[in-house]
Amino acid sequence: MAPIENHRAGKTPRTTAASPVEDNTTKGAERELPVTGLGEETTPEPVAELDGLFVTFRRGGQAVPALRGVDLQIARREILGLVGESGSGKSVLGLALLGLLPVDPSPAVTGRALVCGLDMVRATADERRRLRAQHLGAVFQDPMTSLNPTMRVGRQVAEAAGTESEAIRLLDAVGVPDARRRVDAYPHELSGGLRQRVMIAMAVAGEPSLVVADEPTTALDVTVQAQILELLRHLCDTTSCSFLLITHDLGVAAQVADRVAVLYGGRLAEVGRATDVLESPAHPYSVGLLKSRLTLSARRVGPLPTLPGEPPDPRALPEGCPFGPRCDHHDDACDMALPPLIAAGRHPGVAACIHLGSVATTAELPESWAPAVKSGDAAPMAVRLLGIEKDFVIRHAWRTKDRLHALRGIDLTVAQGESLALVGESGCGKSTLLRVVAGLLEPTGGTVELGHGARPQMVFQDAGASLTPWLKVGELVGDRLRAEGLGRADRAAKVREALALVGLPAEVADAKAAQLSGGQRQRVALARATIVPPEVLLCDEPTSALDVSLAATVLNLLGRIRRQLGMAMIFVTHDLGAARVVADRIAVMYLGRIVEIGPAEQIVTSHTHPYTKALLGAVPAVGVARSPLRGEPASPLHPPSGCPFHPRCPIALESCSSVDVPLVPLGACSVACVRASASAPRPKEVTVASVT
């Protein structure tokens, strides 16, 4: 990534006489943020303000309220973290600020959504368009559906930045490796993380006053996530730009946000300073979200903690507190009326609860869970990879082409019933390896062996792109049942069971993918993959778009299914907390190679490779400062000689640039590092333990 200090060099803030916003004059001034979230103590004029905002959709002749009287302010040069479960209204709130609520059919909207002095509710389409062009930026959750698939990414960024040279500089600033070459790529040629960075470059190109970032780090690995969050923090601290950061990851909010607003059932449950809300939450819902979050230190015993029940159906919301049916402190008084936002008491924030004094803190969190591993004879093989190589030919002109080395000599065995997690930065080859195992890609070299009768089934990272948009969910999920010879009624019953297993109501079967939230679409993809349980389940970031409680629910579901059916699983993730609890072993990949592999607990607690240490050091955590890994992976078009990590390694030796070190057994793990191999014992035969 290029130095962040150069990110806005040479740019002049855009203002016009017709713009409802005056030129920013507060750059470099000390920020004064609203304390309560209601605006009583705000000194400067906020860049955005919601005043009694109601947004109600209609589906099947029924009213579906998405936002119910939201009052909120975003100060200049503030990052406001908006957290909550899928379907709570976070994205609708962001779309309301952007003036991008759907128009056919359009929802009923009342209240005000002021952005830079213009009410986006009552403004005309032309006024909203001018404001967006001058003062707003957006980073949406699903970059593949936001980027034009027929245009090269450089041209798309240049449309926002003005020139191709500025587009290259922005791509370099947000961490796109080899940006000058990448401008000629199409979106489908980039990994999920690179596509998201292209979206961020487009969002900040026009020096906006407010950027609405809807899950901007969802598709990013922990190291790139740390770099992007550092970039957002730097932009906010050194300019007049504000950010609404919509995220389901409370760790992300803890790392970068000034304030946190917790949304539930279309209403604010709690608003306050980030450190206060995340370290001493006042609302029971905030407490539940924190308890559900995966950490690297939680014990792997018992099921993962989750919030009980399901979020309320927006078509049948309770008259009282929407969280009441799931709350341990619920009583008859909670059902009388909607609780207003009142002083939290523990900190200068506000919370919507009548039992604030009795809400427990998060000092004692439930223990986490992972499948138990039994020692003994080697289990039968489910997948074996021998010397897997995968190259892609990249053409630049009629007679010019390069060879991209995505996988370089992968040797790996996964036993029946075993769960293996693949972790590593975006572009390291994790998803390519999964596609080779699934048979979607032919390896350039090496062999793939599957166990007797093994049928791989894949859950893709981009659920929005993997679901056929014109089919209903029931048809999508039930399609794999056609080969089972079931009748229509039996198929419908199986579909309902599959949807219930992933936390979706039966009514979702009649909806289409576009009518669902990002988290709901990911659950549909998981239901489709497991409705006929496969022998080998290949999961490519299946929980990346899910909120913390639902992610824990899905991981519990995956663990239960594979224990019952003896199903093997290869799980690609950038969340090392999820990898630790879902996997028996973790394989760390870098630039197409496995650099460390071993038991999950040992990889997390007593890792050897410096790259593994860097990944763990970048994991966001509440109350813990994290340092992002500097530099970018070398281009797979021209990988470095010797150890692929040596250009970024803080402890590299002179021999690291020339010695190609294979995986060497070191205790229960295997490590590809010069320093480790120097002290390693003589290699011994390694067997794979059976997993229950």
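Reader: Leaving aside neighbours within four places in sequence, which residues is Gln62 in contact with?

Author: Bear in mind that this is a predicted model, where local features need pLDDT of at least 70, side-chain atom pairs count only at pLDDT 80 or more, and totals for chains, interfaces and linings use all residues. Residues are numbered from 1 along each chain as its sequence is written, and side-chain values use heavy atoms, with hydrogens and water left out. Contact here means heavy atoms within 4.5 Å. With the neighbours within four places set aside, Gln62 touches Phe57 and Arg315.

Reader: How far apart are the C-alpha atoms of Gln62 and Arg315?

Author: Gln62 sits in strand β2 (residues 62-74); strands (E, at least two residues) and helices (H or I, at least four) are DSSP runs, numbered from the N terminus. Along the chain, Gln62 and Arg315 are 253 residues apart, yet their C-alpha atoms are separated by 6.9 Å.

Reader: Is Gln62 buried, exposed or partly exposed?

Author: The scale is relative accessible area: buried is under 20%, exposed is over 50%, and partly exposed is in between (1.4 Å probe, protein chains only). Gln62 comes out at 38% relative accessibility, so it counts as partly exposed.

Reader: And what is the relative accessible area of Glu279?

Author: Glu279 belongs to helix α10 (residues 274-279). Glu279 is partly exposed, its relative accessible area being 49%.

Reader: Which residues have the most contacts inside the largest nonpolar core?

Author: A nonpolar core is a set of buried Ala, Val, Leu, Ile, Met, Phe, Trp, Tyr and Cys residues joined through side-chain atoms within 4.5 Å. The largest one here has 69 residues. Those with the most contacts inside it are Val477, Leu555, Leu558 and Ile586.

Reader: Which helix gives the most to this core, and why does the core lie between two domains?

Author: Domain bounds come from an automatic or database domain assignment. Domain 1 (14-358) and domain 2 (381-598) both give residues to the core, so it lies between them. As for the helix, eight residues of the core come from the one that gives the most, α17 (residues 548-565).

Reader: At what angle do α4 and α5 pack?

Author: Axes are lines fitted to C-alpha atoms, for helices over the stretch in contact, and angles run from 0 to 180 degrees between N-to-C directions. Helix α4 (residues 153-161) and helix α5 (residues 164-173) have their axes 8 Å apart. That pairing is roughly perpendicular, on a scale where under 35 degrees is roughly parallel, over 145 roughly antiparallel, 65 to 115 roughly perpendicular and the rest oblique. The packing angle is about 105°.

Reader: Which residues of α4 and α5 make the contact?

Author: By type, the contact residues divide into six nonpolar, one polar and two charged. Nonpolar here covers Ala, Val, Leu, Ile, Met, Phe, Trp, Tyr, Cys and Pro, charged covers Asp, Glu, Lys and Arg, and the others, Gly among them, count as polar. From α5 come Glu164, Glu166, Ala167, Leu170 and Leu171, and from α4 come Gly154, Val157, Ala158 and Ala161.

Reader: What phi does Glu541 take?

Author: Most residues other than glycine have a negative phi. Glu541 lies in the loop between β19 (536-540) and α17, and it is buried, with a relative accessible area of 7%. Although it is not a glycine, Glu541 has a positive phi of about 55°.

Reader: What about the phi of Leu591?

Author: Leu591 is in the loop between β21 (585-590) and β22 (593-599). Leu591 is buried too, at a relative accessible area of 4%. Its phi is positive although it is not a glycine, at about 50°.

Reader: How far apart in space are His574 and Val222, C-alpha to C-alpha?

Author: His574 lies in the loop between β20 (568-572) and α18 (576-582), and at 12% relative accessibility it counts as buried. In sequence, His574 and Val222 are 352 residues apart, while in space the C-alpha distance is 6.1 Å.
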